[in-house]
Amino acid sequence: MKRVLNQNLLVALITFTFFSFSCNSQDNASSKTMESLDLQIQGTVKSDIPEKVYLERMNERNLAVRVDSVKIGSDKTFKFTTSIPQPGIYQLNIDEQQVIGLIIDGGENLTITADGETSPDKMPEYTVEGSENINRFNAVLKEAQNFGQLRASLEEEFKTANAKQQQELRQQYQMSFNNHRETIKPMIAQMGTSLAGIIAANNFLNPEMDGEFLVNLKDQLIAEGKNHQFAQLFIQTINQQTVGSEGSIAPDFELTNLNGEKVKLSELRGKTVIIDFWATWCGPCIRSFPGMKQAKDKYADNPDVEFLFVNTFERVGEDQWNSHVQNFISKRGFQYLNPPLDIGNQTALAYGVEGIPAKFCIDPEGKIKHKSTGFLGTSEAVYNEMVEWVEGK
């Protein structure tokens with residue numbers, strides 16, 4: 001691999017990456033004991049100044065923890081034959097003269113050539129051979145740096161441009177942004193479920209625009225049984241970002257309805273399930289009930305369609321929840337709801353519900369097919385929406 005980006009930029013990026021993962025959940029670092037992963041690094045240092053090379057791991061506080069060290073030989077070469085507990089972000093510290101960031105999965109046999117010192121007129125350079133994923137990651141990093149420079153240039157032009165020029169600059173930026181995304185996505189895809197691929201996806205892709213890509217990567221990590229720290233944090237992050245989104249797996253739950261029956265979503269797999277989150281104090285929820293009842297009645301004889309009116313966000317204590325809802329149902333004649341009670345609101349929160357009524361259509365495979373929030377204005381509109389969801393029209 002030819003000289004990559006300035007190593008300080010790479011270390012800064014991977015430091016930021018580790019921090020961004022940790023902020024999502026500071027207590028999710030894997031505590032499992034994993035098998036040691038072999039690692040070999042041999043290298044050559046051009047400078048006469050450094051005497052030792054340190055292998056360091058970046059911890060959850062973005063601090064370098066020394067893992068191993070070797071002396072530089074009289075022929076200016078060094079070699080690590082060591083092991084690491086799991087994939088991670090590491091760096092070679094060449095006697096405090098030069099730092100080289102490395103994204104290590106384990107099993108690599110790397111060859112590094114480094115200047116080994118910083119001269120007054122230039123930053124030290126280095127090459128890394130033996131890891132296609134490091135090559136690919138640095139290519140993505142270079143592309144991101146180029147796009148960042150272009151964006152900064154356009155922003156400067158925008159400050160002094162007239163209205164017409166600003167519109168042209170917006171169009172130029174949008175075209176450049178689209179080209180950038182289309183360039184880096186296949187580059188990131190080449191890295192697969194490697195640590196470099198996880199870090200690149202986390203840093204350079206947008207959950208709103210690249211959600212399907214990120215979900216697929218998460219699913220692949222799960223399928224491959226990868227459970228190292230970064231894999232776990234990535235999986236959790238994507239789950240948090242995509243919870244309740246269309247196309248994602250519907251969070252499972254088990255609730256008890258007013259008849260004392262257990263209702264477990266996963267046991268309804270194979271059916272189309274309509275979930276309607278509501279509360280007794282919610283006017284729009286109540287106004288949507290006639291349309292929902294009409295839809296429920298339409299499919300009453302269809303064993304492949306199920307309606308669940310999940311009661312949530314009640315403004316009473318948990319010990320009063322059941323009796324409060326029971327009284328409401330009895331007085332209003334809403335027995336057909338027979339609602340599962342989301343006492344404590346955990347199910348609604350798992351679905352990312354922020355406003356009610358919130359309706360979800362779960363397909364037979366357990367994925368969220370449709371979702372909506374609020375009252376559509378008429379019972380007919382509510383009914384028509386449910387029919388469209390169930391029948392796919």
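Q: What percentage of the 393 residues of the protein chain count as buried?
A: This is a predicted model, in which local features need pLDDT of at least 70, side-chain atom pairs count only at pLDDT 80 or more, and totals for chains, interfaces and linings use all residues. Residues are numbered from 1 along each chain as its sequence is written, and side-chain values use heavy atoms, with hydrogens and water left out. Buried means under 20% relative accessible area, with a 1.4 Å probe and protein chains only. Of the 393 residues of the protein chain, the share that counts as buried is 46%.

Q: How many helices and strands are there in the protein chain?
A: Helices (H or I, at least four residues) and strands (E, at least two) are DSSP runs, numbered from the N terminus. The protein chain has ten helices and 15 strands.

Q: Which residue in E8 stands opposite alanine 114?
A: Strand E7 covers residues 109-114 and pairs with E8 in the antiparallel sense over four bridges. Opposite alanine 114, the residue in E8 is tyrosine 126.

Q: Which residue in the hairpin of E2 and E3 takes a positive phi near 65°?
A: Strand E2 (residues 52-58) and strand E3 (residues 64-71) pair in the antiparallel sense over seven bridges. Arginine 57 has valine 65 in E3 as its bridge partner. Five residues lie between the strands of this hairpin, and the positive phi near 65° belongs to asparagine 62.

Q: Why is H7 oblique to H10?
A: Helix H7 (residues 283-298) and helix H10 (residues 379-391) pack with their axes 7 Å apart, at an angle of about 40°. Axes are lines fitted to C-alpha atoms, for helices over the stretch in contact, and angles run from 0 to 180 degrees between N-to-C directions. Angles under 35 degrees count as roughly parallel, over 145 as roughly antiparallel, 65 to 115 as roughly perpendicular and the rest as oblique. The angle of about 40° therefore makes H7, relative to H10, oblique.

Technical notes:
Two strands pair if DSSP finds at least two bridges between them. Buried means under 20% relative accessible area, exposed over 50%, partly exposed in between (1.4 Å probe, protein chains only).
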